[in-house]
Amino acid sequence: MNKYNYKIIVIILITASIWSSCKITKPYTKPETAATYREQENKDTTNMGTMKWSELFTDPALQQLISDGLAANLDLKIAVERINQAGINVKLSKAAFLPSVNGNLSVKESRLAFPQGFGLFDQSTQYDLGISAGWEIDVWGKLKSARKSALANLLATDAAKRAVQTQLIANIANSYYELLLLDEQLKVLKKTAKNRETDAETIKVLFENSIINGVAVVQSEANFYEAELAIPDIEQKITETEHALCVLLAKSPTKIERSVLEKQKLTYDLKIGVPMQLLANRPDVQQAEYNFRAAFEESNVARAYFYPALTISGAAGFSSFGLKDWFTNGGLFGNIAGGLTQPIFNKGINKGRLATALSLQKEALYNFEFSMLKASEEVSNALSQYDNAALKEEKRKKQLAALLKAVEFNKELLNNSTTNYTDVLTAEQNLLNAQLRGIDDQSQKLHAVVNLYRALGGGWN
């Protein structure tokens with residue numbers, strides 16, 4: 001290659017560097033958000049979402065289930081594979097900065113007929129062995145923006161994996177607590193059925209002694225059967241909840257080992273921090289922000305397509321019409337070239353590419369804003385759910401005490417023939433309903449703690 005070719009390439013590089021001083025791509029800035037919690041002016045940055053899940057869920061049986069789920073859950077494994085795929089894309093985007101190198105080996109045989117004909121031919125064989133390279137100089141930041149987009153997608157998939165993990169922990173904990181609450185309901189129903197069986201026997205004795213009429217006998221029996229019929233429904237719910245929990249653990253349906261409700265911690269000092277911490281704590285919000293960043297960089301890539309691409313290419317090797325001359329100075333060849341390609345007429349492809357990229361960027365921004373609003377809604381709901389459950393819990397204790405006395409008083413009156421069995425039945429039914437609702441209050445409280453922990457982004461750190 002002569003000095004003239006070198007000068008041309010130097011001129012092209014200088015021209016490209018001058019053009020590149022005109023900034024085409026835009027710098028990324030995080031989107032602003034104004035998410036708030038309802039009726040909360042808390043300025044304390046202490047946040048229970050930063051706690052390790054093992055610190056919040058202290059039940060050993062639940063801790064074991066969460067550990068098993070984190071090790072075996074299929075959704076989590078799928079999320080890990082998506083991270084691996086995104087990591088490969090990042091490596092590919094980095095490789096775009098390097099020259100592409102290709103080797104070639106060919107043998108060409110040609111036959112050329114003489115003008116006069118006579119069936120005479122001139123036959124020659126050409127042997128080529130060489131290497132070629134091409135390199136696109138990232139003048140406008142197209143390749144750099146593509147790399148940033150790929151990296152943002154990688155971070156988004158990692159955040160998605162962490163979001164799956166936080167949701168998995170919450171689902172396991174909620175299912176576990178649901179089992180404990182169903183066990184408690186089953187215990188209450190079995191105790192109620194036993195009491196009503198005793199009541200039915202007592203009513204028979206009172207009837208036989210002509211203290212009450214036969215109507216009370218059949219009512220007491222029906223009351224006993226009603227309590228017994230509710231038991232299979234609860235047992236079915238327990239079985240289905242166990243099986244649903246097994247799916248989270250990636251195991252076949254089986255019985256779940258567990259503790260009891262009375263051993264669970266029901267009172268918590270809830271710390272929610274400030275709304276802006278959601279961006280740092282919640283993986284799904286982080287994922288939405290990374291998706292926006294990726295879309296932003298893709299719009300930078302689309303802008304760069306409007307400007308000329310600078311490429312440098314070269315080739316070297318051996319070419320000769322005989323193997324004996326292949327590796328000689330006469331057979332050696334080499335060349336280098338540089339060029340700028342400026343799009344002029346391309347049927348609106350670049351305009352369409354940019355318009356699509358900008359539209360996707362807006363969509364990603366709206367998704368981010370929605371994720372922040374949804375996060376603040378979930379925190380506000382869970383906090384309100386816990387406060388209301390705690391309020392009901394105190395009043396429920398008083399209601400249960402009053403209803404228990406009502407049952408006792410009505411039974412005493414029935415034994416003294418001063419009331420009928422309908423009053424006893426009503427009092428017992430009210431007591432049972434209050435007992436089941438009291439369990440629901442505890443359920444609401446436990447689920448509120450789990451949901452608040454997940455809403456604050458807890459479980460992945």
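Predicted model: local features only at pLDDT ≥ 70, side-chain atom pairs only at ≥ 80, totals over all residues.
User: Which residue forms a salt bridge with Asp-284?

Analyst: Side chains of opposite charge can pair when their charged atoms come close. Here the partner of Asp-284 is Arg-282, and the closest N and O atoms are 2.6 Å apart. Arg-282 is buried, at 1% relative accessible area.

User: How many salt bridges does the structure hold?

Analyst: There are 11. One of them joins Lys-374 to Glu-377, with closest N and O atoms 3.2 Å apart.

User: Where do Lys-374 and Glu-377 lie?

Analyst: Both are in helix H9 (residues 349-415), separated by 3 residues, about one turn of the helix. Lys-374 is partly exposed at 34% relative accessible area, and Glu-377 is partly exposed at 35%.

User: Which parts does the pair Asp-441 and Lys-392 tie together?

Analyst: Asp-441 forms a salt bridge with Lys-392, the closest N and O atoms being 3.4 Å apart. Asp-441 belongs to helix H10 (residues 421-455) and Lys-392 to helix H9, so the pair ties together parts 49 residues apart in sequence. Asp-441 counts as buried at 3% relative accessibility, whereas Lys-392 counts as partly exposed at 33%.

User: Which residues do salt bridges that share partners join into one network?

Analyst: The network consists of Arg-282, Asp-284, Glu-378 and Arg-454, joined by salt bridges that share partners.

How values were computed: Residues numbered from 1 in each chain as written. Heavy atoms only, no water. Salt bridge = Lys/Arg side-chain N within 4 Å of Asp/Glu carboxyl O. Buried < 20%, exposed > 50% of the residue type's maximum accessible area, 1.4 Å probe, protein only. Helix = DSSP H or I, 4+ residues; strand = E, 2+ residues; numbered from the N terminus.
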